[in-house]
Amino acid sequence: MLILVFGLALLQAIPVRELPDVDNAVVTVTTTYRGAAPEVIDTDITEPIEGAVAAITGIRSISSESRQARSQVTIEFEVGRDLDVAANDVRDAVGRVRAQLPMGADEPRVEKADADADPVMRLAVTSPNMSTAEITDYIDRFIADRIATVNGVASLRIYGERPFAVRVWLDQRALAARKLTVADVEAALKRNNIELPAGEIVSKNRQLTVRLNSRLKTLDDFRDVVVTRIGGYPVRLGDIARVEPGVADDSTIVRTNGTDAVGIAVQRQSQSNTLEISQAVRAEIARLEPTLPEGMEIIIGSDDALFVGASIREVVIALSISLVLVVAVILFFLRSWRATLVPLVAIPISLIGCFILISLWGFSLNTLTLLALLLAIGLVVDDAIVVLENIQRRIEMGEAPVAASYRGARQVTFAVIATSLTLMAVFVPLSFMPGQVGRLFVEFGWVMAGTVAISTFVALTACPALASKILKKRPVAMVSAPETLSLPQRWYEALLRRAVAMPLVVLVVAGTLTGGAGLLYNGLARELAPREDRGVGFIPLTAPQGSTVGHTDMAAQQIEAILAPLQEEGIIETTFTFTGWGNRPWRSFVVFRLVPWEERDITAEQTAGRIARQIGQVTIARGFPITPAGLGLRGNSTPVRVVIGGPDFDSVKLWAAAMLERAENIEGLVNPSINYEENLPQLDISIDRARADDLGISVEVIANTLQTMLASREVTGFVSRGREYPVILQGEENARNTPSSIENIFVRSADGATLVPLSALVSLGENAAAPSLRRYDRLPSIELSGALAPGVNLGSVLAEIEAAARDILPVEAKLGFEGQSKTFKDTSSGVGLVLALALLVVFLVLAAQFESFVHPVTIMLTVPAGIAGAIYAMAANGMSLNVYSQIGIILLVGLVAKNGILIVEFANQLRDEGLDRRQAVIRASVLRLRPIVMTVVSTILGAVPLIMATGAGAESRNAIGTVIVAGLSMASILMLFVTPVLYDLLARYTRPRGTFERLLKRELGRKPRAH
């Protein structure tokens, strides 16, 4: 009762999340430098920041990207590093080099999140009555801050925003006609739109604060600003420029269900809870909705928590079904409601008691810990079944319930403890799995081990006590003789006697079945995790480099037209389109959210396959539909990510180009690309420094003029309704629509009067540049990435890429992996070691328990049969070898071994009573047939709901369920014959334990000789 009380009390305080909290602390530093080329960003911003943060202790990796106008440095810390401390260390390091950054660069923004990670929620704000600029202003004033302050939210990414700004469009000809330059306009605006403290007026008795209202308050005020005077007449800003309300940025386009919108991507902090964030954001939206202007809506385009909640709900349903099936098995075999009540009480005590351990260990309730509890149903009842069945058998032989409970429990105590320790020993090596995925399954293994430990305690204490009170003594007429066997036992005994008589045949059959699986093993597909139906799909689109946002958006509209019929059919609920995302006008990203799982008959992957061919017919951009991977892994759009590093970009780009050429011929790798394609059109401007020096024109003046005319420059601010908005200068479109337009921009010479056209100072040349420059661990690096076609596994593609690398890359090149590819390599390299470690630990535990190396060999030799059964099942169902199926195989080690323990341990007891080894093992096998079959069927039926699972996360549960059901079924059948045969062959090399006890008593009984 105490276990139930404390378990239920602590359950309320256990956090609920999708997966265990295994996130490393990740901090991102983002710096914007308007108009700067990637090379400038890399040398002037990225390198200084990387050098500063590299000195921080506890860093696992540093990666960076330098692209047009933006630097992004991502620092991943080692496991266990506190996120807040890590972020503060990064801020301090960046602060030390802030003075080294260019004057025009924005303040570096430090975020406690991976800026490249997928957002946990995507929101869209629409209104039929407001323009996109008005929606943006409303979000900025009333929505963004409310959502950004939700606990666990790292930042908001606003897409498709149109932030208000005063735009000053400079007329190049008007400037030249009045002998004005860009610098003159900038200086005039700064002089006339300034507010400085004016001081105070202090009299003998009063003090007045003086405020000078010197700011420009209206657009007409800006137009009337006097830039210069010519012949005594003022030249106003309105004479040389268009001054109008506008937007600061229109480089992205967002739509939801075909309607223009402003998107909000909610980025979670590292180590925060997706479910809690979703609940808090939805609650905040509910509070906002009554205050929204008429017609405005906040639409949830995608929400990772929907899958999390649905997945946990499906696991709980499967857990309930497993409980019912296990109880039905016990009732069927024991044919007694009274006897069934004993394990029926033991199961909830063990499961609820595990909540105490989960709370003490600081774990959470998540899909993996709940999966562990589901699988544990078949295990926790095993101990109770073994104890109860032995008590029931003794009562059937005529013993009183109290005596039968005492003797029956005592008789199987060693077997119960041995099987439990064996199972727990299997789970311990799971803690040694490498990488993030390995850490995910730490909670899984410990919860399984904890549940088994509690079930052992309950089976050896509560079960005998309950049995002594609940079970009744059988009438004399119904008492069975000790040698009385049921019909299945007699059949099994007859077959077993023949098997023991011809051991070679039995071992050859078992070896053939096991060896056949080895042939199928190499043909199994390998991947990190099965693709799950998370209720959402993505279509990343890539147009040719240099494409405008409008051109790329034409492709996105074609994709929306392809998805429209699925929306009409009620398969897709929402589409969400981002064009120009990530400051890349040639990129678009379409997200489609499907209706809830119970409302459709088609999976997300089937939906992607249905539209893949149509998307392939879109010619103006390249795209492919993808579905997310399991285990919450990031990088769903490009699971294949291989990093090629080297001493310099010139060398690396040659190696990467050769790797790309080979990658394009790899079957199943879709849209392979490298992130250093020099296909971004670029206009190179070379300055004639000698001539510029002669005219007294500095490079800084030329650079600032070009930046203002072409890239725009924020020169001052405009205050309206309590907010300050930027005033941005930029040349009219006709001053920047052709390369020759640049030559007609004028700058002032040192004499202060002469205007010099840039055509006299610069020369133009067209070139192709890389859109971004990346570094990994501070080495110049290029990433080869790609998507996977439906049905293609990650392992085979990576194996072909590694083979190509061995042929192409020189010794000085460095090959690495990122994203899902890195996680796959970390995990796959460690699973074999973990399996070997599990086998070794189980063997040593058994050796210690039996005080012999022979009996563990007898028990362990049936384990390969279980693995073979799992491989046959995976091959027959076309399943892959992934982390879930590998965990299932490791579990099989303990599940298969425990049934062999029951036979070997009882056979040893019978040998102690005087039976020879063959008679002992035959008798033990026959008498233990019923509990073995009961425990096997209970475990199998407990895992059947995993195979039959549908809905959210079903693919992962199918994988582990198939392995357990198929592997345990085949292993159990073979074990019933192989273990007795091996015992008969090998036990001759051991002595009964009673022999040593008798020897000890005899030696102790001897009188010592007198000396």
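**Sheet pairing, helix packing and surface features**

In the predicted model, strand 7 (residues 164-170) and strand 25 (residues 723-731) pair in the parallel sense over 5 bridges. Within this pairing, Leu170 has Gly731 of strand 25 as its bridge partner. Two helices pack on the sheet to which these strands belong. Helix 4 (residues 132-148) touches strand 12, strand 24 and strand 25, and its direction makes about 140 degrees with that of strand 25. Helix 6 (residues 182-192) touches strand 7, strand 24 and strand 25, with a direction at about 30 degrees to that of strand 24.

The sheet itself is open and consists of 4 strands in the order 12-7-25-24, with mixed pairing. Its edges are formed by strand 12 (241-247) and strand 24 (713-720); each has a single partner strand, so one side of each is left without a neighbour in the sheet. On average, neighbouring strands of this sheet are turned by 30 degrees against each other when direction is ignored. In general, the strands of a sheet pair through backbone hydrogen bonds, in either a parallel or an antiparallel manner.

At the level of the whole chain, 31 helices and 31 strands are present. Of the 1011 residues, 55% are buried. Among contacts between residues at least 6 apart in sequence, 80% join residues at least 24 apart.

When residues up to four places away in sequence are not counted, Gly450 touches Leu357 and Trp361. Gly450 and Leu351 are separated by 99 residues in sequence, while their C-alpha atoms are 9.5 Å apart in space.

Met502 is placed in the loop between helix 15 (487-501) and helix 16 (503-521). With a relative accessible area of 42%, Met502 is classed as partly exposed, because the value lies between the limits of 20% for buried and 50% for exposed residues.

How values were computed: Residues are numbered from 1 along each chain as its sequence is written. This is a predicted model: local features need pLDDT of at least 70, side-chain atom pairs count only at pLDDT 80 or more; totals for chains, interfaces and linings use all residues. Side-chain values use heavy atoms; hydrogens and water are left out. Buried means under 20% relative accessible area, exposed over 50%, partly exposed in between (1.4 Å probe, protein chains only). Contact means heavy atoms within 4.5 Å. Two strands pair if DSSP finds at least two bridges between them. Axes are lines fitted to C-alpha atoms, for helices over the stretch in contact, and angles run from 0 to 180 degrees between N-to-C directions.
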